[in-house]
Amino acid sequence: MYTNGRKELTEKIENQINESTKIKAPIVEALQTAYEHPTYQFHIPGHTKGKAVFKDFKHLIGEKALNLDTTDEFDNLGTLHPATGPIKEAQELAAQAFGAKKTFFLLNGSTAGNLAIAMALTKKGQKVIVNRNCHRSILTGLIISGAEPVWVCPKRIDDWSIWGNIEAEQIEELLKKDKTISMVWVTNPTYEGVVSDIKSISNVCKKYNVPLIVDEAHGCLWNFNKHLPETALKLGADAVVHSLHKTGGSMSQTSMLHISQDSTLDEKSVEKALKLLHTTSPSLLLLGSLDAARANLQSENGKKLLSRAVNNAKYLRTRLDNIPHLHQLKGDFGYKTDVTKVFIKIDGLSGKRLESILEIDFNIEVESASDIGVLILCNIGNKRSDFVYLADCLEKIASKEYQDIYYLEKRKHMPMLEPQIKMSLREAFYAEKETILKKDAVGRISAEVVAECPPGISILLPGELITKEHMPYLNDYEFLEVVK
Ligand SMILES: Cc1ncc(COP(=O)(O)O)c(C=O)c1O
């Protein structure tokens, strides 16, 4: 009896501790409640909890996922615009977790965040410093708002054919020269993981009294592990965009836009822009996955997964260091790298060739490939055995003769040109256009954004002069749209 009483008491205390330390996930909890208390549904989505869905699809993704596919307003799930109920609470918890004053959940990825920033914080004719290797969504935003980019070209890492870091001095020089520049918008890290000194860039922005926006799409894990670089939210940026779906563990197309603690940016305008951009039927599954990803990163299990990812990256890098003819991009003088993004090349193989050997001979898919190398992401979902297998395969590839089918591609994948601008982005985009053969395009002005994804960095911008240097990047294009 006494023993039973003690057991009950222990269980009660354990439950209380679990309750108080349990990571809250309001959207996930609201979805659970909705699932457990189904209503008679006479509203969208019309498949009605998965009852009217193609059978094979239902079997494939599971009945429960379809049952939970709903949109806001129903079943006490809250609304996205304005944020109410569990969605509001989830955004507030995300702001706390990432160290922001305000966080907006994004559907349509960081693209939606960049568009909203451009629409809310820039206007026609306003000058904004933007790095040449920005994602195409920033260009789209500037086309919409009519603001003018003032280009900053990062340092080049020529051995790897990639853009490197941006120096604070480059930003200062531009701000000193042109007092009408009203915002600085930089990407950090680069797609391959090169990190700029955001603290120094932010100090310069403060000195010239202009807001700093950081597209940290590839750095959403940084606030959750001390071995990763510091997030721009802690280094003085005003707003930061994070693609949680890329590396943070949420479902595809979900991201977050954060406004930093002491920023004076007009967050109401950002919210209004997002309302214009977002669907009016947001998926609760996608929003729930953002809520879950944040909760996971804060949980003990999530912390373990992230530290496993960092350790796996270190393990992989050590193995790679010992493979002859294989090289990996590392932090160097003037820049750092994110350890979890491993960009490699093997002597005598183009990146595209290495990618296809990995795929065809070893059933391995990497994040991306360029003419030079391949990018490997050490994700929170990967096990150590994945990296053992990958390193073993790379060892085999580097030591084997692939010369019989070796070819050098006459194409380039990472746009590395400094644009010669002849018209504004918006003017060129809305100009009268014609479609011409690529071979006739040199000397004409591009009327479109030409960018391959990944990495989504433009080869051509609207308003840019097309030159013969562009041609190796345009192998896949027969026609181009130019200003008439
Ligand atoms: C630097 C950068 N910013 C923004 C985006 C857009 O992100 P999303 O795919 O989440 O819309 C990408 C996508 O690759 C990116 O690389």
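Val-184 has Leu-212 of strand E8 as its bridge partner. Local features of this predicted model are described only at pLDDT of at least 70 and side-chain atom pairs count only at pLDDT 80 or more, while totals for chains, interfaces and linings use all residues. Residues are numbered from 1 along each chain as its sequence is written. Helices (H or I, at least four residues) and strands (E, at least two residues) are DSSP runs, numbered from the N terminus.

**The seven-stranded sheet**

Strand E8 covers residues 212-215 and is joined to E6 by 4 bridges, the two running parallel. Two strands count as paired if DSSP finds at least two bridges between them. Both strands belong to an open sheet of 7 strands with mixed pairing, in the order E1-E10-E9-E8-E6-E2-E3. At its edges are E1 (100-107) and E3 (148-152), each of which pairs on one side only. On average, neighbouring strands of this sheet are turned by 20 degrees against each other, direction ignored. Angles are taken between N-to-C directions and run from 0 to 180 degrees; the axes are lines fitted to C-alpha atoms, for helices over the stretch in contact.

How many residues of strand E6 are buried? Strand E6 (residues 181-187) has 5 of its 7 residues buried, so it is largely enclosed by the rest of the structure. Buried means that 20 or more other C-beta atoms lie within 10 Å of the residue's own, exposed means 12 or fewer, and partly exposed is in between, with C-beta atoms placed from the backbone.

E6 also pairs with E2 (residues 127-131), in the parallel sense over 4 bridges. Here Val-128 has Met-183 of E6 as its bridge partner. E8 pairs with E9 (residues 239-242) as well, again in the parallel sense, over 3 bridges. In that pair, Val-240 of E9 is the bridge partner of Val-214.

Helix H11 (residues 267-277) touches E1 and E10 (254-260), and its direction makes about 10 degrees with that of E1. Helix H12 also touches E1 and E10, but its direction makes about 55 degrees with that of E10.

**Helices H2 and H12**

H12 (residues 284-298) also meets H2 (residues 26-36): their axes come within 7 Å and cross at roughly 130 degrees. That angle makes H2 oblique to H12; angles under 35 degrees count as roughly parallel, over 145 as roughly antiparallel, 65 to 115 as roughly perpendicular and the rest as oblique. H2 contributes Pro-26, Ile-27, Val-28 and Leu-31 to the contact, and H12 contributes Leu-284, Leu-287, Gly-288, Asp-291 and Ala-292. Residues are in contact if their C-beta atoms, placed from the backbone, lie within 7 Å. Of the residues in this contact, 7 are nonpolar, 1 is polar and 1 is charged. Nonpolar covers Ala, Val, Leu, Ile, Met, Phe, Trp, Tyr, Cys and Pro; charged covers Asp, Glu, Lys and Arg; the others, Gly among them, are polar.

**Other strands**

A second open sheet has 4 strands in the order E11-E13-E15-E14, with antiparallel pairing. Its edge strands are E11 (326-328) and E14 (368-369), each pairing on one side only.

| Pair | Bridges | Facing residues |
|---|---|---|
| E13 (residues 341-346) and E15 (residues 374-377) | 4 bridges | Lys-341 and Leu-377 |
| E16 (residues 433-437) and E19 (residues 479-483) | 5 bridges | Ile-436 and Leu-480 |

**The ligand**

Around the ligand are 15 residues, of which Gly-109, Ser-110, Thr-111, His-135 and Ala-217 come nearest. The shell divides into 4 nonpolar, 10 polar and 1 charged residues.

**Two loop residues**

Ile-372 is in the loop between E14 and E15. With 22 C-beta neighbours inside 10 Å, Ile-372 counts as buried. Leaving aside neighbours within four places in sequence, Ile-372 is in contact with Trp-160, Ser-161, Lys-345 and Gly-351.

Tyr-40 lies in the loop between H2 and H3 (55-61). Tyr-40 has 5 C-beta neighbours inside 10 Å and therefore counts as exposed. From Tyr-40 to Arg-384, 344 residues apart along the chain, the C-alpha separation is 47 Å.

Methods: Contact = placed C-beta atoms within 7 Å. Near = placed C-beta within 6 Å.
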